[in-house]
Amino acid sequence: MYLGIDLGTSAVKVCALQPDGRVAATATTALSVSHPFDGASEQNCADWWAATCTAVGSLSADLRAQVKAIGLSGQMHGAVLLDRDKRPVRPVILWNDARATEECAVMLAAEPDAGALSGVLPMAGFTAPKVLWLSRHDPKAHARIAHILLPKDYIGLRLHGEMVTDPSDAAGTSWFDEERRAWSDRLCEISATDPSWLPEVKHGTEIAGHLLPDPAAELGLPVGIPVAAGAGDAAAGAVGIGAVEAGDGFISLGTSGQLFFTTPDYRPNPESRIHAYAHTMPGYWFQMAAMLNGARPMAWLANLLQRPIETLLAEAEAAPSGPLFLPYLTGERTPHGDTDIRGGFAGLGETTSQGSLMRAVVEAVAFTFADAIAALSDSGQAPEALLAIGGGTRSDFLMQTIADVTGCRLGRSEGADLGPALGAARLAWVAAGDGQVSEVMTKPDVRRWFEPSSDHGDALKPRLAAFRALYPALKGVQAKMH
């Protein structure tokens with residue numbers, strides 16, 4: 001049995017794989033996010049570990065006793081800052097935190113080639129600008145830093161005691177020289193970072209360490225089993241869906257959204273806001289459009305209206321087109337690189353129903369993927385068919401709308417909602433020495449293809465054009481409010 005642990009933003013998910021590749025069991029434990037001020041987004045390491053213990057502990061004791069290796073996946077970019085005793089200096093500043101906007105400009109002014117080195121222009125959600133922010137706004141906390149990890153690597157530290165990350169997670173920090181696949185002294189210099197704070201980099205299928213006695217007892221797992229270095233959630237999702245060779249691609253519909261495309265070499269295009277990152281697999285890179293809001297706005301609206309999301313989606317599918325929605329609840333990366341912009345509805349009327357509000361949200365999520373494919377096409381890639389992963393894939397209406405708007409066939413496979421947790425388990429499988437990459441990281445059978453409807457796609461073109469006009473309009477309105 002091979003265990004994948006995925007530390008997401010909203011939950012820890014675990015996935016146990018049998019030696020034949022079938023999923024034996026899954027479990028999920030929810031997490032909460034704190035927002036100490038507008039634009040801030042934080043979590044505590046202790047909550048991550050507690051949720052991991054709960055999720056793993058909910059698996060049967062017999063299954064846990066059979067686990068031969070562990071793989072890790074996690075939300076990217078988070079600044080896990082530890083002191084000399086390897087204890088957290090402060091709460092973790094997450095990927096969707098916007099406080100370090102000014103520091104991105106400072107870094108770029110100091111090193112105009114920062115985007116070419118690190119795969120994309122510095123953005124507030126990345127790790128390096130956050131550390132620079134801390135040096136300027138909380139120098140006492142900054143002075144205590146002795147180690148920096150990414151979120152999944154903190155779980156790794158608790159499991160095996162080592163400071164290790166992988167290339168795909170290192171890629172999202174703005175400290176990583178993507179082409180060389182090594183930490184950049186120059187990028188550290190311009191972000192108030194001591195290179196000695198950064199962890200060792202190992203590929204995702206390499207062993208980062210072995211499970212220590214105390215966490216083994218806490219989790220009910222065998223002592224000494226190998227723990228794979230793992231991958232950032234985007235690359236782990238790629239492993240889970242078999243996108244590990246040049247030309248493989250997929251979309252991810254989780255809290256955030258991604259459009260992912262594997263490449264055989266490093267292809268930076270910083271101005272497009274497409275991320276060009278090292279893959280967790282040796283010899284490969286990827287290009288990725290990153291949308292901060294993914295399928296999250298649908299859950300946001302359901303929570304706001306205090307109604308089940310499934311009911312609202314059914315009403316949305318039956319509702320006529322009405323208002324437009326800008327889904328940038330926490331800013332946006334691709335294509336705008338704007339952490340300050342916020343969402344909004346336009347075109348509300350007396351007859352606007354809750355179903356039509358959800359329809360506007362679903363269309364907006366689809367429109368962000370149209371923008372993502374346009375940005376990826378500017379970088380030389382134009383996918384015609386993509387697999388899809390993440391919790392948002394459960395909605396036929398959302399999947400069909402994305403296919404119609406983008407003109408791209410979308411495939412939903414068995415276990416599509418497992419995503420990175422499945423990829424983490426596969427990385428564990430290879431790390432254990434029980435299977436080759438070509439045998440383990442296969443593509444799943446597609447349960448359903450969502451074929452683009454040209455009629456519906458054509459009907460949505462004016463709304464897509466209006467959506468694209470809404471961003472600069474609301475940007476101007478927002479500027480007058482400050």
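Q: If buried means under 20% relative accessible area, exposed over 50% and partly exposed in between (1.4 Å probe, protein chains only), what is the relative accessible area of Y277?
A: This is a predicted model, in which local features need pLDDT of at least 70 and side-chain atom pairs count only at pLDDT 80 or more, while totals for chains, interfaces and linings use all residues. Residues are numbered from 1 along each chain as its sequence is written, and side-chain values use heavy atoms, with hydrogens and water left out. Y277 belongs to strand β18 (residues 274–278), where helices (H or I, at least four residues) and strands (E, at least two) are DSSP runs numbered from the N terminus. Y277 counts as buried because its relative accessible area is 0%.

Q: How many Å separate the C-alpha atoms of Y277 and D177?
A: Beyond its neighbours within four places in sequence, Y277 has contacts (heavy atoms within 4.5 Å) with residues including M76, H77, A171, G172, E178 and M288. D177 lies 100 residues from Y277 along the chain, yet their C-alpha atoms are separated by 9.4 Å.

Q: Where is Y266 found, and what is its relative accessibility?
A: Y266 sits in the loop between β17 and β18. Leaving aside neighbours within four places in sequence, its contacts include G115, A116, L117, E179 and A276, whereas K140, 126 residues away in sequence, is 38 Å away from C-alpha to C-alpha. Although found in the loop between β17 and β18, Y266 counts as buried because its relative accessibility is 13%.

Q: Why is helix α5 described as largely enclosed by the rest of the structure, and how many of its 11 residues are buried?
A: The buried residues of α5 (residues 127–137) include T127, P129, K130 and W133. Among the elements that cover them are β6 (80–82), α3 (101–110) and α6 (139–143). Helix α5 is largely enclosed because, of its 11 residues, the number buried is 8.

Q: Which residue in β17 is the bridge partner of S252?
A: Strand β16 (residues 249–253) has 5 of its 5 residues buried, with G249, I251 and L253 on one side and F250 and S252 on the other. A hairpin of 3 residues joins β16 to β17, and these strands (residues 257–263 for β17) pair in the antiparallel sense over 5 bridges, pairing being defined as at least two DSSP bridges between two strands. Within β17, S252 has as its bridge partner Q258.

Q: Which residue in β22 is the bridge partner of F250?
A: β16 also runs parallel to strand β22 (residues 385–389), to which 3 bridges join it. In β22, the bridge partner of F250 is L387.

Q: What radius of gyration does the chain have?
A: The secondary structure of the chain comes to 18 helices and 24 strands. For 482 residues the globule rule gives 23 Å, close to the value for this chain, so the chain is as compact as a globular protein of that length; the radius is taken over C-alpha atoms, and the rule is 2.2 Å times the number of residues to the power 0.38. The radius of gyration of the chain is 21 Å.

Q: What percentage of the 482 residues of the chain count as buried?
A: Along its principal axes, the C-alpha trace spans about 65 × 50 × 40 Å. Among contacts with a separation of 6 or more, residues 24 or more positions apart account for 72%. Of the 482 residues, the share that counts as buried is 60%.
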